[in-house]
Amino acid sequence: MRLIHPVPPSGPAPGDLDPAGLARLYAYPGGPWLRVNMVASADGGTWLAGLSGGLSGAGDRRVFGVLRGLCDVILAGAETVRSEGYGPARPRESWRALREGRPAAPAIAVLTRRLELDLDSPLFTEAEPGARTIVVTCEAAPADRRARAARHADVIVAGDGRVDLAAAVEALGERGLERVLCEGGARINGQLAAADLVDELCLTVSPMLVGGSAVRVLDGPDVLTRLRLAHVLEEDGFLFTRYVRSS
């Protein structure tokens, strides 16, 4: 994997970036920050046969691991958690320095209005110490499901008839979880962008065309968030782009 933008003074680097080099490129700025990470085909589709994994590759998985190691909390919608078979994040040796003074793995926070979750799955029964899974819901969620969820996870109630994403992100910050990594899906991304909460987009562009019904990175109302290109990495035809909000 090599950095191709911005071009280093000595020209494009031929060698591989090690995990420490990747961590420096993707380091969070100070203060609260919400980063969206997605993979898409060259024609903009975010899944292949219904799953994002078919678009991925070895380099994408390395970046994915570094982004998880850097964050305080991983945010995902209930549909993504179900379809992608989410489990708890597991500590990695490469995260030890990145997570000094923090739990060995980030918590997973699941956004859900109806609380249709498998609370007996490893995501809720096998979370790492200090990284108990968080369920973010709203007042309209069924009371019995909310009570059951509270026995398996930390529950945040944000909003009345639907989850208020701004309140949810604020509540995570109050718990010291300021570096948020959102892994989607596209509908959650669209809602976050509509609420003007997206500070950064890390987008892997996969060298394939998929066509079909795959949605775009944002699936939601029209928005306009101006971004600037921070860097581009390349490996085996994959492009790893990082865009940050324009000041």
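Predicted model: local features only at pLDDT ≥ 70, side-chain atom pairs only at ≥ 80, totals over all residues.
Cysteine 71 is buried, at a relative accessible area of 0%. It takes part in no disulfide; the nearest cysteine sulfur belongs to cysteine 182, 11 Å away. The cut-off for a disulfide is a sulfur pair within 2.5 Å.

Now select cysteine 138. Its relative accessibility is 0%, so cysteine 138 counts as buried. Cysteine 138 is in no disulfide either, and its nearest cysteine sulfur, again that of cysteine 182, lies 17 Å away. Searching the whole structure turns up 0 disulfides.

The largest pocket has a volume of about 1,200 Å³. Select Gly77, Glu79, Thr80, Gly184 and Gly185: of the 42 lining residues, these are the closest to the centre of the largest pocket. Then colour β2 (33–41), α2 (58–70), α3 (78–83) and α7 (186–194), the elements that each give two or more residues to this lining. Which element gives the most to the lining of the largest pocket? It is α3, with 5 residues. Colour the lining by residue class next. You get 14 nonpolar, 15 polar and 13 charged residues around the largest pocket.

Last stop: the second largest pocket, with about 240 Å³ of space. Select Gly44 and Leu201, then Arg216, Val217, Leu218, Gly220, Pro221, Asp222 and Val223; these residues line the second largest pocket. By class, its lining splits into 5 nonpolar, 2 polar and 2 charged residues.

Definitions and conventions: Residues numbered from 1 in each chain as written. Heavy atoms only, no water. Buried < 20%, exposed > 50% of the residue type's maximum accessible area, 1.4 Å probe, protein only. 1 Å grid on protein atoms, 1.4 Å probe; cavity = no way out; pocket = protein on both sides within 12 Å on 5 of 7 lines; lining within 4 Å. Points joined across faces, edges and corners; volume = space filled by probe spheres on them. Helix = DSSP H or I, 4+ residues; strand = E, 2+ residues; numbered from the N terminus. Nonpolar A, V, L, I, M, F, W, Y, C, P; charged D, E, K, R; others polar.
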